[in-house]
Amino acid sequence: MAEQEASGLQVLLHTLQSSSDKKSILTILKVLGDLLSVGTDRRIHYMISKGGSEALLQTLVDTARTASPDYDILLPLFRLLAKVGLRDKKIGQKALELEALDVTLILARKNLSHGQNLLHCLWALRVFASSVSMGAMLGINGAMELLFKVITPYTQKRTQAIRAATEVLAVLLKSKSNGRRAVNRGYVTSLLWLHQDWHSRDTANTYVQIRRGLLLCLKHIAALRSGREAFLAAQGMEILFSTTQNCLDDKSMEPVISVVLQILRQCYPKSPLPLVTASSAYAFPVPGRIATELPCDLPEEDVEDDGDDEVDKDSDTEDGKVEDDDLETDVNKLSSKPGLDRPEEELMQYEAMCLELSYSFEELESKPGGDLNSEKTQYANHHHILTAASSKQHCYNKDQSSCGQEREDSVRSSLLCMVKTQRSTVHLGSKRKPGVNLYQNVQSNSFGRDSSESEIPDIQASLKADAWDIDAIFCPRMSASFPNSTRTGEAVEVIDKLLQTHLKCVPFHDPYLYMAKARRTSSVVDFKMVAFPDVWGHCPPPTTQPMLERKCGVQRIRIFEDIRRLIQPRDVINKVVFSLDEPWPLQDNASNCLQFFSKFESGNLRKAIQVREFEYDLLLNVDVNSTQHQQWFYFKVSGMQAAVPYHFNIINCEKPNSQFNYGMQPTLYSVKEALLGRPTWIRTGYEICYYKNHYRQSTAAAGGASGKCYYTLTFAVTFPHNEDVCYLAYHYPYTYTALMTHLDILEKSVNLKEVYFRQDVLCQTLGGNPCPLVTITAMPESNSDEHLEQFRHRPYQVITARVHPGESNASWVMKGTLEFLVSSDPVARLLRENFIFKIIPMLNPDGVINGNHRCSLSGEDLNRQWLSPSAHLQPTIYHAKGLLYHLSSIGRSPV
């Protein structure tokens, strides 16, 4: 049956080419049209495979070359070619070889005054030009000049032909040679004028598709640098911006507005980021690595732009393959049993981390773990593991604190420095206005009725009377004291009153212990301040927070605002109000702008530029010893007005897309809300979107390669209180110091008769911070041989987290895991009795401390170093892998 169908189709096609009888040809064309008008595309592809395209093209050529071409045959032929040509990728090449390309062009020229015949010719030209090389050939043969004769100013006549002509022209202009020809002949100005004419006179939006076709022509020309230059010289940005402002909310104009946006973004002049260097504002000397001189400036002319390539390629509409560095290694390249990458005798050092395998019950009870804060740990070489002796010095139990009275006194004295002794013009109670409460889901408590009528003025009054500095109180220093302080007693009284009156009990948190731990945390720039939320603590919101329902058109509005800033810069301030690169103070508390700060643990904000009164451009710091990986942010902002929308644009993000486009919101912590008894990080912000901007990395910073694109995260925030101090972050922050504080408090809380909990130090990081290793299991029922044997033969489970510093959610999951495993929950008890848990809560402490998003201090993604880690450059990965090797070597591979 299939052979009969094939032979029947082939007979029809053969007869079509060989017959000169008009009636026979029309009958065959009708039969083919009926066959292809029903069913799926499989029929068209089947006809193409049997030479259908060639048969139609040959018939077209033979009919057109007669003394008097018969349009009764040509018109159905053109309709069939338009349908088949959409599915035949080689239709243009076939038309060229059979000379149908020239024939169709000649017929179009002859029918400029005959609308219906011309329309059919244009349909055929549109499919022939779908190949870029064929489009270039048509351009050489004068197709664009012909089309500009068809595309006239606004008219209500022959609009079908005009629309088809704009579509054909748009296809032709995908060819770079045609684009250059259009620029050289001044077609950019002509197209802009035609667009303005049709836009202004088509008030009923009847001919939106014609206007869209004209814009697509401009879009393809703008793909060339010379095209963009011609567009800007013709005031194209101003023209398209002004013509669309009155129709942004008109849904019928969507086809036009979407193309206008693409053109404006394409032609927005590319510029480097407003930074003095592409490298991090922080520097860390990596042992054994010669420092390379990174580009110290970003000249505008160094920004990579698309050139006008000479060669047209049929594949230039295909996007280049973008490598996703989050994809796992090809499983075919993985070895099921990788070989040992170090001397076998080196594995013996990990015995000190598995003391549960050799201790008797009495030893375990008296020596529960290693002291992460011992002097030996603090000054140990960064790539050496501590000895077993040092791991036995931890003595944080119910009878004795490892900090001791000396530490407690030191911490209490350090809290004096939460307050500065000099006078300030900004106070807690100053400039109060009724505010919009962002904490709408939080129920009011006994601390107050409203943000402006609460119990907090009692504290405010004492602060105001002594003129304490709000920024000093709410971003306290870690130093012990101020030598020149004359108000030590008063400072203690104020801080103690704040802690005693307003401190809400946060499980597994202690502000005094946190301050003590913070002083031991080593950072690249030696942070002197700690963030208030980290010291004070934070509780989860009382109710779940839903994903933000994205408002349609937000991204469009923000992009138009960027364009407005370029072409209407009258109200643009462009004032730098914060910068890590500037050695002198940039902020004046009396000025009408927000104050920013980020030099605290996990903080990341490099620069803040006031664009307008309530709008700021923000730039993030790249990872230390790197020129990339900026996505994480965490900074303090103060000096705001309540009930005023502030817009923040983070302009140097680097991921191509973000969850901020799908309902995610930044997090906010209000200090005044915390003093009202609501110390909570909440999701906040509206008008949120994430999109590619006009900034590009310089070619010098990219090592001579094409500079990468940057993306803008923009969001609006209405702060709940006047003159508040707030913190904004990418996600709920979780610092290294918070982890160390949590582990100490957690160990104090466990039931030593039921839970075996031990802290060890896996290794020292590059920055000199101990990387904690936690062991959790159930205590043996007794010290009998049978119970000890069962204890020592429990299978191991190894859990790690936070290899990427910007993924702070991993630390919160780890925090909950640790608390659950030591709890009295029956499931937790069952897990402890059946497994020994080896937990590395934070594989990249240095990255977390210094506000990195992805890398360690060596500028490397540690999650890509497992294959051959270095003890000197990636110590946490090296020793985590060593611990796994050790467990495997003694027959205790984790399950």
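Predicted model: local features only at pLDDT ≥ 70, side-chain atom pairs only at ≥ 80, totals over all residues.
Most of α34 is covered, with 12 of its 15 residues buried; among them are Pro875, Ile877, Tyr878, His879, Leu883 and Leu887. These buried residues of α34 pack against the strands β12 (755-764), β13 (770-778), β14 (796-800) and β15 (836-840), and also against the helix α33 (845-849). Tyrosine 878, one of the buried residues of α34, has the charged end of arginine 342 over its ring, 3.8 Å from the ring centre.

In one, the ring centres of tryptophan 198 and tyrosine 207 lie 5.8 Å apart and the planes stand at 85°, so the pair is edge-to-face; both tryptophan 198 and tyrosine 207 are buried. In another, the rings of tyrosine 634 and tryptophan 681 have centres 5.8 Å apart and planes at 65°, an angle over the 60 degrees required, so this pair is likewise edge-to-face. The pair links distant parts of the chain, as tyrosine 634 belongs to strand β5 (residues 634-638) while tryptophan 681 lies in the loop between α28 (671-675) and β8 (682-683), 47 residues apart. Tyrosine 634 and tryptophan 681 are both buried.

A charge over a ring is also found at tyrosine 732, where the charged end of arginine 683 sits 4.9 Å from the ring centre.

Note on methods. Residues numbered from 1 in each chain as written. Heavy atoms only, no water. Buried < 20%, exposed > 50% of the residue type's maximum accessible area, 1.4 Å probe, protein only. Helix = DSSP H or I, 4+ residues; strand = E, 2+ residues; numbered from the N terminus. Contact = heavy atoms within 4.5 Å. Phe/Tyr/Trp six-rings, centres within 6.5 Å; stacked < 30°, edge-to-face > 60°. Lys NZ or Arg CZ within 6 Å of the ring centre and 35° of its normal.
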